[in-house]
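Please examine the sequence and the three-dimensional structure shown below. The report that accompanies them is arranged by topic.

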Amino acid sequence: MKDRPALKMVQDALDRGIVGPDTVIVESSSGNMGIGLAQACRYFNLRFICVVDPKTTAQNLTLLRAYGAEIDLVTEPDAAGGFLKSRLNRVNELLRLIENCYWPNQYSSPQNSLAHHVTMSEIVRDLGQPADYLFAATSTCGTVRGCSEYVRQNNLPTKIFAVDAVGSVIFGHPPAGRLIPGHGAAIRPPLFQTGIADECVHISDLESVTGCRRLVRDEALLMGGSSGAVISAVEKVKHRIPDDAVCVAILADRGERYLDTIYSDDWVLNHFGEVSHLWRGPSRSNSTTTTAISRTA
Ligand SMILES: Cc1ncc(COP(=O)(O)O)c(C=O)c1O
């Protein structure tokens, strides 16, 4: 999901001449946007500095380096105890220090949400009809905003459920610690707009893990943390959705980046205690028709 906006932000800056062959791209990301930008920058042969924090997983750092990105690590947490503001401060410092430097700024770039107009148009095309309901996780709000703009511009009947993390402030809830990366944010992103979604569903870390484990059990899909949150959100509201409704749930990334956390029994036990009964039960019945539309970026 982040490869699309990553590519579009870099491509747009190149097209507009803001970025040239000698420009250094700088972005704050501890996860998928960093890896997406590293890929796009490698493709266009641009130098890329990714500002990360100590919570960035070893696997993501290895992936970033494998694509040729330079790692800039902030170590001091900000006043709120997180690292987002520290990372953004460091980005601003690098912009001052390095000549010919460009910050795509995933939290406010219109290209981020524009990339997901295409996502929504592909969903409609592949379904052969508009969805009645769309569930998508939210962080920068690029996905939800892009999909909802497309829905409004094309007068589609699709109702959008934004899926946020408990502890995220995007939809006005109080801040709290979160374990699962991907969805949720410690700041309200500039891409957020009132009415961006028809409804927001807040999902806890444990519900997110449970959603992931049930996706493996029921669909043999090994997906990332925000995907588990999306599936748990569907479970939470499905009693309000008519049986014949066409529902789309966007699963943003795969589970390989979460093998040491969500898919580690020890990690789950350490953080939540003995909870495996939540997904050890019998599979869901086959009464729902599920079509998995698989796409590469
Ligand atoms: C795994 C995953 N899911 C969901 C999101 C949220 O998407 P968006 O930033 O478009 O709101 C992200 C964003 O970083 C992500 O990495």
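The structure is a predicted model. The ligand is surrounded by 14 residues, and the closest are Lys 2, Ser 139, Thr 140, Thr 143 and Ser 226. By class, this shell divides into four nonpolar, eight polar and two charged residues.

An oxygen atom of the ligand lies 2.6 Å from a polar side-chain atom of Lys 2, and a backbone N or O atom of Cys 141 is 2.9 Å from an oxygen atom of the ligand. In the side chain of Ser 226, an N or O atom lies 2.7 Å from a nitrogen atom of the ligand. Of the 390 Å² that the ligand exposes when taken alone, the protein buries 94%.

## Helix H4

Helix H4 comprises 14 residues, 84-97.

The buried residues of H4 are Leu 84, Ser 86, Arg 87, Leu 88, Val 91 and Leu 94. Their cover includes strands S1 (24-28), S2 (47-52), S3 (70-73) and S4 (101-102).

## Ser 227

Ser 227 is located in helix H8, residues 225-237. With a relative accessible area of 0%, Ser 227 counts as buried, because the cut-off for that class is under 20%.

Beyond neighbours within four places in sequence, Ser 227 contacts Leu 215, Leu 251, Ala 252 and Asp 253. Ala 176 is 51 residues from Ser 227 in sequence, and their C-alpha atoms are 21 Å apart in space.

Key
Residues numbered from 1 in each chain as written. Predicted model: local features only at pLDDT ≥ 70, side-chain atom pairs only at ≥ 80, totals over all residues. Heavy atoms only, no water. Helix = DSSP H or I, 4+ residues; strand = E, 2+ residues; numbered from the N terminus. Expected span 1.5 Å × (residues − 1). Buried < 20%, exposed > 50% of the residue type's maximum accessible area, 1.4 Å probe, protein only. Contact = heavy atoms within 4.5 Å. Near = heavy atom within 4 Å. Polar contact = N/O pair within 3.5 Å; in protein donor to acceptor, adjacent residues only side chain to side chain. Areas by Shrake-Rupley, 256 points an atom, 1.4 Å probe, with all protein chains shown as cover. Nonpolar A, V, L, I, M, F, W, Y, C, P; charged D, E, K, R; others polar.
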